[in-house]
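Here is a short briefing for someone meeting this structure for the first time. Keep the sequence and the 3D view open as you read.

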Amino acid sequence: MTDEGIYVYGIVRAGHPLPPALGGVGDPPGTVGRVEEGRLAAVVSQAPPRLRARRRDLLAHQELLLALAEDGPVLPMRFGMVAPDESVIRRQLSEAEDRQLAALEGVAGRVEINVKALPADEALPALVKGDATIRGLREAARRRPSYEANVRLGEAVATALARRAAEAGRDIVRELSSSAHAVCAGPQVTGCQVNVSFLVDRGEGAGFVAAAERLARERADRVVLRVAGPLPCYSFLEPLPSAAPLGA
């Protein structure tokens, strides 16, 4: 489409409608179209020169994916996916057609909710009260103040807070998992003890978020929960093992 290549937002079934009022990444926003091959299509626009992860472009990418998902399932691409030309896109659609159709079936009518668990800042009083080791280190630092004593205390506190947050986060994940079609562990994030995404029915997304926030409130002395969603189904691009066979 341009010398910069073709920007790819996601994969849909052939004939999937395009949101009429949304443009793509770039300034001015790119014109969104489809590259169709067989039963699949890639949603694309011209790739802007010097593409970077600007906030406006990140939002444009995600808003387009969410709008597309209102009319049917989408396999979203991460921000920044650029193909050199249409022939590459068509070849990839053709070679993976059955697998991608099965993956589309698995995310149909569903959204992704991401949950991250972090140590609670206000958890220190409860930690000191319930952990004899921390109490001992704190008293030792008070009796004989030193840099080494403060370091030992700080490290012990940080480790204990992280452990408590991880335990609470795993408890929350276990309780939420029964309401999800699939669960996917995310990459490690600095300062985050648990990073998990859930695949849930679109109509149950608000209730799922409310349940996660309720579980977090019950464990507020140990964990802070960051809940994001509904999101495009980034973590569930492969066919789900439990998904019904195509055409069943």
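The points below go from the whole chain to single residues.

This is a predicted model, in which local features need pLDDT of at least 70, side-chain atom pairs count only at pLDDT 80 or more, and totals for chains, interfaces and linings use all residues. Residues are numbered from 1 along each chain as its sequence is written, and side-chain values use heavy atoms, with hydrogens and water left out.

**The whole chain**

- The protein chain holds 7 helices and 9 strands. Both are DSSP runs numbered from the N terminus: helices are H or I with at least four residues, strands are E with at least two.
- The chain has 248 residues, and 42% of them count as buried. Buried means under 20% relative accessible area, exposed means over 50%, and partly exposed lies in between (1.4 Å probe, protein chains only).
- Take the contacts between residues at least 6 apart in sequence: 77% join residues at least 24 apart. Contact means heavy atoms within 4.5 Å.

**The four-stranded sheet**

- An open sheet of 4 strands runs in the order β7-β8-β6-β9, with antiparallel pairing. Two strands pair if DSSP finds at least two bridges between them.
- The edge strands are β7 (182–185) and β9 (223–231), and each pairs on one side only.
- From one strand to the next, the twist averages 20°. Axes are lines fitted to C-alpha atoms, for helices over the stretch in contact, and angles run from 0 to 180 degrees between N-to-C directions.
- β7 and β8 run antiparallel and are joined by 4 bridges. Here V183 has F198 of β8 as its bridge partner.
- β6 and β8 pair in the antiparallel sense over 8 bridges. N114 stands opposite S197 in β8.
- β6 (residues 110–119) is joined to antiparallel β9 by 7 bridges. P119 stands opposite V223 in β9.
- β8 is mostly covered, with 7 of its 8 residues buried.

**A helix across the sheet**

- Helix α7 (residues 205–218) lies across β6, β8 (194–201) and β9. α7 runs at about 175° to β9.
- A search of the whole structure finds 3 aromatic pairs. Rings of Phe, Tyr and Trp (its six-membered ring) pair if their centres lie within 6.5 Å; planes under 30 degrees apart count as stacked, over 60 as edge-to-face and the rest as tilted.
- F198 and F208 form a tilted pair, 5.1 Å centre to centre with 55° between the planes. F198 lies in strand β8 and F208 in helix α7, so the pair ties together parts that are 10 residues apart in sequence.
- F198 is buried at 0% relative accessible area, and F208 is buried at 4%.
- Y7, Y9 and F79 form one aromatic cluster.

**Nonpolar cores**

- The largest nonpolar core has 21 residues. Such a core is a set of buried Ala, Val, Leu, Ile, Met, Phe, Trp, Tyr and Cys residues joined through side-chain atoms within 4.5 Å.
- L176, F198, V200, F208 and L225 have the most contacts inside this largest core.
- β6, α6 (147–177), β8, α7 and β9 each supply at least two residues of this core.
- A second, separate core of 20 residues includes L40, V44, V107 and A182.
- Leaving aside neighbours within four places in sequence, V200 is in contact with residues including I113, A180 and F208.

- R54 sits in the loop between β3 (40–46) and α1 (55–69). R54 is partly exposed, at 37% relative accessible area. The C-alpha atoms of R54 and G26 are separated by 9.5 Å, although these residues are 28 apart along the chain.
- D57 is in helix α1 and is buried at 3% relative accessible area. Beyond neighbours within four places in sequence, D57 is in contact with V25, G26, L51, R52 and F79.
- P232 lies in the segment after β9 and is buried at 7% relative accessible area. Not counting residues up to four places away in sequence, P232 touches Q62, L65, L66, P76 and E112.
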